[in-house]
Amino acid sequence: MLPAFTSLGNAWLLALLVPLVAFYFLKLKRPRIAIPSLVLWRQVLNDQRVNSPFQRFKRNILLLLQILVLVLLALAAMQPFLRREAARAHRMPVLIDVSASMASLDHPRGPTRLDEVKRQLRERIDGLLPDQELSLVAFGKTARRLTPFTNNHRELREALDALTVEDVPSDVEEALRLAQALGRTEPFDKVLLLSDGNLPTQANFELPFQIDFQKIAPGGSNYGIVAFSARRAPGGHWQVFVQLAGSANAESTTGTLELRQGDKVLAHEDVSLTRGSNPRLAFDLAGGPGAVLEARLHLSDFDSLASDDAAWLMLPASRPLAIFVPESLAGYRHAFGAIQDVNVYPDADASMPAVFDLVISDKEEDLLKPAHVRCAIGIIPPDVRSLVNIETKNSQAIDWRHDSPLLQHVNLRDVIFMDQPVSAAGSSDDALAKLGYDILVQGEHGPLIIEKRDGEGLRVSMLFHTDRSTLPYRVGFPILISNLVQAALHESGLAEAEAAHTGVLSTEGFVANASCTITGPGNYRRTAQADAQGRLTGIPAPHAGEYTITTSGASPQPVGVSLLSASETSLAAVDQLQFNDQLTVAASTAPAKSDRTLWWAIAFIAFVALLVEWWWFQRPVRAV
């Protein structure tokens, strides 16, 4: 490590040695005074000898100390440093991983991975030279710039101190793209990446710069919740499923998993966890009003990551499905009569709901009713009429999608259709695909059943009329009706419930354009406005926990979000990153080396020399 200088121009200060030494070469000019004795003549001779230039220079300690002080101060002004890297970066972005795994501990009450990163980065900030600048960038699921390129130690340290972990998976590509964007206006050659290594091994990115990948040691043993869901069972009950997983270095332990609603424990189960185990627990809960369920894992031993020990799930309120079927389709209304928890409209004893879960009709005006699922009987969608014609001929189904939920367990073999859809000349199945349609059932000369998902939900089109077929007399007809009910349950959010992930909060059911206030964990508070459909989307939710959305004149609506990331729970650390151009960047576990400044040490030595010079000048002189 050879010393270098950042302000070599300040070497001119060494020129001050010339006037300093010149003062000591000046002769003493004594006045002529008559004296009564020549006893002091010896002292005069001694003074004359000392006053000679070379004798005085050799014996005057004050002069030597003052020269030393001046040289040291000049060196300090030249900003010397020890070069610890082959190439010194003058401008460098620092990408700081703040994903969930960065909150893990290596032992109880130990520092988090982010604390270790902060400690190393503070040392680098303290060692910044005057011509070096850093730009701090934090990344989790998204990336954000904390500071511009700056040498301001205070600004960098304040931004670093304010940095906290987000309960989200990491996405290093977002950080690299942000760094690439910074390089377009403020060029640089190198990027410093600080992480615990819990990153995807493959990055879809072509590197325009070098990466110094500094990996912090991963956390200790960890278990957490990686999946939380519920499925509606017959009779309105909910089957709730919770899956656990552990880190690669997890030690065997025991614990308890609780299901809670507020302060009330609904169910609990003791668990025994071993390395590599991924137990899936199931609970049966009664249906009822909508509620927020909390699953919480309590372990008997050390657990390095707390954010994956709890998860939240929104259970929708149990209610009957609202289904519209005109009285002219008596076969459908009869089939729905055998299914529980459905209300079929029109009903003389009940008013029409504002939104239906399922609409089945052979009249186009009925299909305009708001619904999650709409099923057209014997109607060709307007955008398909140029591609398909209906001929009055008997036909059969030659193929159908067995993997489609709508046709699950439905056998269409030997079913006679008296309406035969015929594809227009020159048209193909690709033309329907371009319009967003999937062919579920293919007839002899064209599609029989197609479906399309749009912004309003799912639309199923039976291009034949079921009254002009043998389908209502087959076993597959009630199964098809049951599958339509399941589709309506799913589209309405009543069949299944999945725990929402952290990152972005999305919910609906508000008044159009309503002003909403969102509060959450860690003093989180934000205001937003619902869209014209009463949906609230794109709200940042960086921390796992329960959020509350409040609107004027309405009851507060709770929403829970959870980490639920197997990769973050595993605390798995990669040793290298692979990029598109087949370039591999290996991780380094040694702390990043930065140039070490020497000016403060030299200035301290100069201060000590100045104190010695002052003491020497002020010391008492012995009498002759």
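**View 1. Cavities in the predicted model.** A search of the whole structure finds 2 cavities of 30 Å³ or more. On a 1 Å grid over the protein atoms alone, a cavity is a set of points where a 1.4 Å probe fits but cannot get out, and lining residues have an atom within 4 Å of a point. Grid points are joined across faces, edges and corners, and a volume is the space filled by probe spheres set on the points. The second largest cavity holds about 40 Å³ of space. Its lining consists of Leu387, Val388, Ser423, Ser427, Ser428, Asp429, Leu432 and Pro447. This is a predicted model, in which local features need pLDDT of at least 70 and side-chain atom pairs count only at pLDDT 80 or more, while totals for chains, interfaces and linings use all residues. Residues are numbered from 1 along each chain as its sequence is written, and side-chain values use heavy atoms, with hydrogens and water left out.

**View 2. The largest pocket.** A pocket is an open set of grid points with protein on both sides within 12 Å along at least five of seven lines. The volume of the largest pocket is about 1800 Å³. Its lining comprises 45 residues, of which His372, Glu491, Ser492, Gly493 and Glu508 lie nearest its centre. Two or more lining residues come from each of β15 (310-315), β19, β25, α10, β26 (496-498), β28 (503-507) and β33 (557-562). These labels denote DSSP runs numbered from the N terminus: helices are H or I with at least four residues, and strands are E with at least two.

**View 3. An open sheet of 8 strands.** The strands of this sheet follow the order β17-β16-β18-β19-β25-β24-β23-β21, and their pairing is mixed. Two strands pair if DSSP finds at least two bridges between them. Strands β19 (residues 371-377) and β25 (residues 457-462) are parallel and share 5 bridges; Cys375 has Val460 in β25 as its bridge partner. Helix α10 (residues 476-491) lies across β16 (321-324), β18 (356-361), β19, β24 (447-454) and β25, and runs at about 150° to β19. Axes are lines fitted to C-alpha atoms, for helices over the stretch in contact, and angles run from 0 to 180 degrees between N-to-C directions.

**View 4. Strand β23 and its two partners.** In strand β23 (residues 437-443), 6 of the 7 residues are buried, so this strand is largely enclosed by the rest of the structure. Buried means under 20% relative accessible area, exposed over 50%, and partly exposed in between (1.4 Å probe, protein chains only). Strands β21 and β23 run antiparallel and are joined by 3 bridges, with Trp400 opposite Val441 in β23. Strands β23 and β24 are also antiparallel, with 5 bridges between them, and they form a hairpin with 3 residues between them. In this pair, Gln442 has Pro447 of β24 as its bridge partner.

**View 5. The surroundings of Glu391.** Glu391 belongs to strand β20 (residues 388-391). Its relative accessibility is 31%, so Glu391 counts as partly exposed. Apart from neighbours within four places in sequence, Glu391 is in contact with Met418, Asp419, Gln420 and Val422, where contact means heavy atoms within 4.5 Å. Glu391 and Met418 are 27 residues apart along the chain, and their C-alpha atoms are separated by 8.6 Å.

**View 6. Helix α5 and its packing.** Helix α5 (residues 113-126) has 14 residues and spans 20 Å from its first C-alpha to its last, close to the 20 Å expected at 1.5 Å a residue. The expected span is 1.5 Å times one less than the number of residues. Arg113, Leu114, Val117, Lys118, Gln120, Leu121, Arg124 and Ile125 are the buried residues of α5. They pack against β3 (91-97), β4 (133-139), α6 (153-161) and β6 (190-195). An α-helix has 3.6 residues a turn, so residues three or four places apart point the same way.

**View 7. The hairpin of β11 and β12.** Strands β11 (residues 253-261) and β12 (residues 264-273) run antiparallel and are joined by 9 bridges. Glu258 stands opposite His268 in β12. The hairpin has 2 residues between its strands, and Gly262 in the turn has a positive phi of about 70°. Strand β11 also pairs with strand β14 (residues 291-299), in the antiparallel sense over 6 bridges; here the bridge partner of Gly255 is Leu299 in β14.
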